[in-house]
Amino acid sequence: METMIREEVQALKRIQENLESCILGKTDEIKLLLTAMLAGGHVLLEDVPGTGKTVLIKALAKSIRGQFRRIQCNPDLLPTDITGVSIYHPRDEVFMFRPGPIMTNILLADEINRATTKTQSALLEAMEERHITVDGETHELPKLFLLLATQNPIDFEGTYILPEAQLDRFMMKFSLGYPDEQTEMRMIVSQSIVHPLEALEPVADSEQILSIQQFVKQVHLEEAVAAYLIAITRLTREHPAIFLGASPRATLALVQAAKAYALLNEREFVIPDDIKFLAPYVLGHRILLQAEARMEGATVQSVLQSVFQQVKVPVRWEK
């Protein structure tokens, strides 16, 4: 098993190198994206325009030879524009299903909060059940399916807030942020002649990713580490500054993300540091603060740090 894991880890390193050649200086964010993919989760990228969100997603699809589709969300978008529609063929006198863009490996829902709540709900079944239902007929999605949605955190005109039920279906939420000065200078130099995305070559395929996802399930989670993880999620439900804590789905998502992150770091077991690193990205968008706490200047990140300080980290003593 160790030899097989090493081979899969090498494939992941090649994918990571591909992404880092397109998006400079964002190693942690790239690891988060790969972690979500290996754990079978979906990602919400909340950031200002022009930070490279679409380039990162396209680079991932190209690196794994995955089919890529993009939906530009707006108030006129209908659920059938995403899922597809049944069309009547007079000659055959039958309805035939014409699949929508959701039938792909990697789906980018750009500015998801500009779609109406009815259209947003069309994604819920796909995100959770991995299939869609059109006119009473169920259609299975590809085995490798990853939804990456973006939203602008500063433009609220003509937007619809994502409901908690939909936010809870995203495994992670994070942002890329602006590059530092040196990275931005490297970006100018590297893209002066040709965009790195154009020269990108596939280094894996979807079948290989599905195989690695099976390895993720075999990563060991020691009982003491599992207890540490559960203590964190349970404390979010009891903390005085938190109105709505992490759900049981969030606990399971954190488990799968921690296993995937461990494998990405060439380990067959989860350590507490994996959980502590991932928790803000997995739990942060699922937590609602009390109004009083917000008025006092508390943020989700500061409250989560308070939670971490209250939970004892398991320590293993060896002679």
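Leaving aside neighbours within four places in sequence, L278 is in contact (heavy atoms within 4.5 Å) with L32, T35, M172, L254, A257, A258 and Y261. The model is predicted, so that local features need pLDDT of at least 70 and side-chain atom pairs count only at pLDDT 80 or more, whereas totals for chains, interfaces and linings use all residues. Residues are numbered from 1 along each chain as its sequence is written, and side-chain values use heavy atoms, with hydrogens and water left out.

L278 is among the residues with the most contacts inside the largest nonpolar core, together with I15, L60, M172, I275 and L283. A nonpolar core is here a set of buried Ala, Val, Leu, Ile, Met, Phe, Trp, Tyr and Cys residues joined through side-chain atoms within 4.5 Å; buried denotes under 20% relative accessible area, exposed over 50%, and partly exposed the range in between (1.4 Å probe, protein chains only). The largest core has 74 residues, and helix α10 (residues 248-264) gives the most to this core, with 11 residues. Helices (H or I, at least four residues) and strands (E, at least two) are DSSP runs, numbered from the N terminus. A second, separate core comprises 23 residues, including L44, I71, M127 and L167. In soluble globular proteins, nonpolar side chains tend to be buried together.

Helix α7 (residues 181-190) lies largely in the open, because the number of buried residues among its 10 is one. At the start of α7, a side-chain oxygen of D180 reaches to within 3.3 Å of the backbone nitrogen of Q182.

By the rule applied (a side-chain nitrogen of Lys or Arg within 4 Å of a carboxyl oxygen of Asp or Glu), the count of salt bridges comes to eight. One of these joins K13 and E266, with the closest N and O atoms 2.7 Å apart. K13 belongs to helix α1 (residues 2-22) and E266 to the loop between α10 and α11 (272-283), so the pair ties together parts that are 253 residues apart in sequence. K13 is partly exposed at 34% relative accessibility, and E266 is partly exposed at 46%.

A further salt bridge is formed by D168 and R249, whose closest N and O atoms are 2.6 Å apart. This pair links distant parts of the chain, 81 residues apart, with D168 in the loop between α6 (164-167) and β9 (172-174) and R249 in helix α10. D168 is buried at 12% relative accessibility, while R249 is partly exposed at 30%. Salt bridges that share partners join E128, D168, R249 and R286 into one network. R267 and D274 also meet in a salt bridge (2.8 Å, N to O), and both of these residues are buried.

N105, in the loop between β4 (94-99) and β5 (106-110), is buried at 12% relative accessibility. A polar atom of the N105 side chain lies 2.9 Å from the backbone nitrogen of Q67, and a polar atom of that side chain lies 3.0 Å from the backbone oxygen of L144. Not counting residues up to four places away in sequence, N105 touches G66, Q67, P142, L144, F145 and L146.

Strands β6 (residues 131-134) and β7 (residues 137-140) pair in the antiparallel sense over four bridges, where pairing requires that DSSP find at least two bridges between two strands. H131 stands opposite E140 in β7. The two strands form a hairpin with two residues between them, and D135 in the turn has a positive phi of about 55 degrees.

Technical notes. A polar contact is a pair of N or O atoms within 3.5 Å; within protein, one must be able to donate a hydrogen and the other to accept it, and residues adjacent in sequence count only if both atoms are side-chain atoms.
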